[in-house]
Structures are given as C-alpha cells and as structure tokens.
Amino acid sequence: MVFIMNSLLFLVGGFLVFFMAAGFAMLEGGLVRSKNVTMQMTKNIALFSLASIFYYLIGYNLMYPLGTWAVEGVFSGVWGPGVLEAVGVTADAADDYSYATTGSDFFFQLMFCAATASIVSGALAERIKLWPFLAFTIVLTAVIYPIQASWKWGGGFLDAMGFLDFAGSTVVHSVGGWAALVGALILGPRIGKYNKEGRTVPIPGSNLTLATLGTFILWLGWFGFNGGSQLAMGTVGDVADVSRIFANTNTAAAGGAIAALILTQLLYKKPDLTMVLNGALAGLVSITAEPLTPSLGAATLIGAVGGVIVVFAVPFLDKLKIDDVVGAIPVHLFCGIWGTIAVVLTNGDASLGTQLYSIFVVGAFTVIASGIVWFILKAVVGIRVSEEDEIRGLDMSEMGMEAYPEFSKG
C-alpha cells in the first residue's frame with residue numbers, strides 16, 4: 001500500500017503540475033499584445049513537448065545518477081534514456097518497493113523540468129525568434145536543469161551539505177529566472193519600451209481575463225507542485241503533512257496577492273491587477289522551498305513578503321532597462337531567492353550559510369551555462385527578430401497566423 005499510495009501521489013501531483021503548462025500559456029497570452037499571442041501559444045506547447053522528449057532522452061538519468069557519478073556529487077556519469085519498469089511488473093520485481101513506480105517518478109519530475117522552461121518563455125516574449133528559443137529549451141531541459149537539480153535532488157554535493165529546497169524555489173524557479181535574466185540582457189528590450197528620456201513606456205497586455213485565468217490555473221497546479229514533493233503518502237503522518245502543505249501553499253499565495261493589492265493602492269492610488277496576479281505567484285514561489293514547517297500565519301507572511309518584492313522589483317528592472325514582459329524574473333528569481341532564505345525562519349535544520357552558498361552556486365552555474373548557449377545561438381542563427389517583424393507582430397512574421405484575426409483587422 002505504501003508503494004501504491006506514493007505512486008498515486010506522484011501521478012496526481014504530476015497531472016496538477018502539468019496543468020500549470022496551461023496556466024503559463026494563458027498568463028503569457030494575456031500579458032502580451034494581441035499581435036504576439038499565437039507565438040506564445042506555439043512556444044508553450046512546443047517547449048513542453050520538447051522537454052518531455054529530451055528529459056526522457058538525457059535529463060532524467062543526469063538528474064538521478066543513483067550513485068553513478070562521473071565526478072562524485074557534482075556530475076553524473078549516466079548518459080542515456082530513462083527506462084520504466086517492465087509491463088505487468090510484480091511486487092518482487094519492482095525497482096524500489098518502499099518508494100514508488102519509476103513511471104510515476106519520471107512523470108512527476110518531468111513536470112518540474114518543463115515548468116522551468118515555461119518561466120523563460122514569458123520574460124523573452126514579443127521579440128525572440130521561435131527556433132532559437134526552442135533550441136535553448138532543449139539544452140535547458142536536457143542538460144542545464146538536470147545537472148544542477150542533481151546537486152540537491154539527485155543526492156549531490158549540495159544535498160550532502162544540508163541544503164534545503166523542498167519543492168524547488170531555487171532548483172526550479174530561480175533557475176528559470178536566471179536563464180530568463182541572461183536571455184533578457186542579451187536579447188535587449190522591446191522596441192518602444194524605454195523612450196529617449198529613459199522613461200518606461202507601459203505596454204498593456206491583450207487580455208487580463210486570460211491572465212487572471214492563467215494565474216488561478218497556476219495556483220491550482222501548485223498544490224501538486226508542493227504537495228507532491230512530500231514524495232510519500234503511505235502513512236498517517238505523510239498524509240497529514242501533504243494536507244499541511246496544501247494549506248500553507250494556498251495561504252502564501254493569498255498573502256502575496258493581498259500584499260500586492262494593498263501596496264499598489266498605496267503607491268499608485270489604484271490597485272494594479274497585473275501586480276496582484278504576480279503577487280499571488282510570488283507568494284507561491286516564496287513558500288515552495290519550505291511549505292511544510294511554517295504555521296499558517298508564517299506561511300501567509302512569507303508569501304506577503306514575496307508580493308512586496310514583486311511590486312518593487314518590477315520597476316527596479318525597468319530602471320535597469322531589463323525588459324521582462326510578464327514579470328517572470330521578479331516572481332521566479334527574486335522570490336525564489338527569498339523563499340530559499342526564508343527556510344531558516346521555520347526549519348531548525350536549515351543553515352543560512354548553506355542556503356546562501358547553494359543559491360550562489362546554482363545561480364552562477366545557470367548564468368554561465370545559459371549565457372554560453374544564448375551567445376552561441378546569437379552568433380550562429382541570431383535570436384531576435386528584425387525591427388520590421390517586431391513592429392508587425394510575431395504572429396504574422398514568425399507564424400503566419402493571428403490569434404485574433406477579426407479583431408486585429410479592425
């Protein structure tokens with residue numbers, strides 16, 4: 001029953017995290033202009049499909065070397081596709097009777113890998129070419145994400161040091177944020193985002209209804225993201241902990257949303273829906289590193305701090321002329337760092353020094369590896385569309401079809 005219940009948790013958690021792919025697509029589709037929506041939809045379904053294939057071919061075994069390290073605790077020696085149990089496997093022949101099926105574990109972990117790539121998609125919207133972006137997605141999901149994830153979740157050196165990251169504030173969210181930040185710096189801002197005087201020009205999204213739907217879908221998916229990361233549902237204690245994680249995850253999102261709602265009212269005299277949406281996501285990212293040990297009150301406050309971070313980080317990036325279309329860098333990178341540090345507030349086993357060191361190591365690796373890939377793609381095929389194509393819209397210039405053809409024709 002332990003084996004069966006653990007596998008069930010992975011499968012249910014996995015399809016909840018899968019639904020986050022729809023959440024990312026709707027959020028991005030709502031926050032980009034109507035002339036770029038088809039492009040974002042194509043990127044999202046393509047990146048998920050590529051992640052599914054290349055995590056199977058390379059990433060899964062790189063992430064979980066199972067003791068087979070080329071460099072002990074740092075680099076896996078296992079290069080090859082993932083392999084599932086035999087058809088009709090019996091209890092005696094299961095790989096790990098005390099854990100879960102390999103298929104459920106692979107399925108669950110794949111969803112985290114794909115989510116990392118989705119983070120990058122939104123930040124670089126409206127000016128990046130399709131195929132270079134998808135090429136970067138392949139490298140990110142097959143190599144970059146699995147290598148750094150092995151350092152914590154694969155039993156590598158960060159795990160041995162005592163680094164705590166329950167569901168991936170650093171391993172998933174900050175990695176996506178770092179990759180997006182490097183890409184945004186190399187790609188440059190959208191045309192017209194910053195005027196000659198250095199001021200930021202608001203570029204409203206096409207559909208805040210869709211963006212709100214996307215946020216609620218992501219909120220729902222996060223219950224699988226964090227709850228499934230308990231990795232066990234075979235005892236009374238495990239089920240109680242999963243329930244506690246669900247409750248803390250929810251209240252952290254609420255704390256982030258309300259903090260952003262109140263703060264934007266105070267700063268701008270009117271609440272900003274896009275900030276409130278990102279505030280909820282910020283709360284979710286902030287609690288992801290440790291959703292089990294906080295009380296409901298502490299989880300709410302941890303999420304609220306995330307909401308505050310987003311409200312100040314978005315204009316901060318604009319001052320630096322770093323153009324992030326959907327706010328992915330403040331939400332996933334800045335709040336991923338905050339959430340990883342916040343573990344020490346409620347978990348007595350956490351060391352601030354170890355948490356900070358791990359944030360630095362993962363960040364440095366991701367920045368260097370992503371930078372190399374982005375620069376190679378820029379030099380070989382180019383990563384940015386032409387000025388004419390960007391003004392025209394990527395739907396027509398890159399895809400040849402529009403998401404709203406009747407509307408855009410006036």
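Which residues do ring pairs link into a cluster? This is a predicted model, so please hear what follows as values computed from it. The cluster is made of F10, Y99, F108, F112, W153, W222 and F225, linked by ring pairs.

Across the structure there are 17 aromatic pairs. One of them joins F136 and W374: the ring centres are 4.0 Å apart and the planes meet at 10°, so I call this pair stacked. The cut-off behind that word is an angle of under 30 degrees between the planes.

Where do the two partners, F136 and W374, lie? F136 is in helix α4, residues 130–152, and W374 is in helix α12, residues 352–380. The pair therefore ties together parts that are 238 residues apart in sequence. As for accessibility, F136 has a relative value of 0%, so it counts as buried. W374 is also at 0% relative accessible area, and is buried.

Next, charges over rings. K43 lies over the face of F133, with 4.8 Å to the ring centre. A second case is K321, whose charged end sits over the ring of Y194 at 5.9 Å from its centre.

Last, a residue on the outside. Is E388 buried or exposed? Its relative accessibility is 64%, so E388 counts as exposed. E388 belongs to helix α13, which covers residues 387–392. Taking E388 together with P294, the separation is 94 residues in sequence, and 51 Å in space from C-alpha to C-alpha.

Key. Residues are numbered from 1 along each chain as its sequence is written. This is a predicted model: local features need pLDDT of at least 70, side-chain atom pairs count only at pLDDT 80 or more; totals for chains, interfaces and linings use all residues. Side-chain values use heavy atoms; hydrogens and water are left out. Rings of Phe, Tyr and Trp (its six-membered ring) pair if their centres lie within 6.5 Å; planes under 30 degrees apart count as stacked, over 60 as edge-to-face and the rest as tilted. Helices (H or I, at least four residues) and strands (E, at least two) are DSSP runs, numbered from the N terminus. Buried means under 20% relative accessible area, exposed over 50%, partly exposed in between (1.4 Å probe, protein chains only). A charge sits over a ring if NZ of Lys or CZ of Arg is within 6 Å of the ring centre and within 35 degrees of the ring normal.
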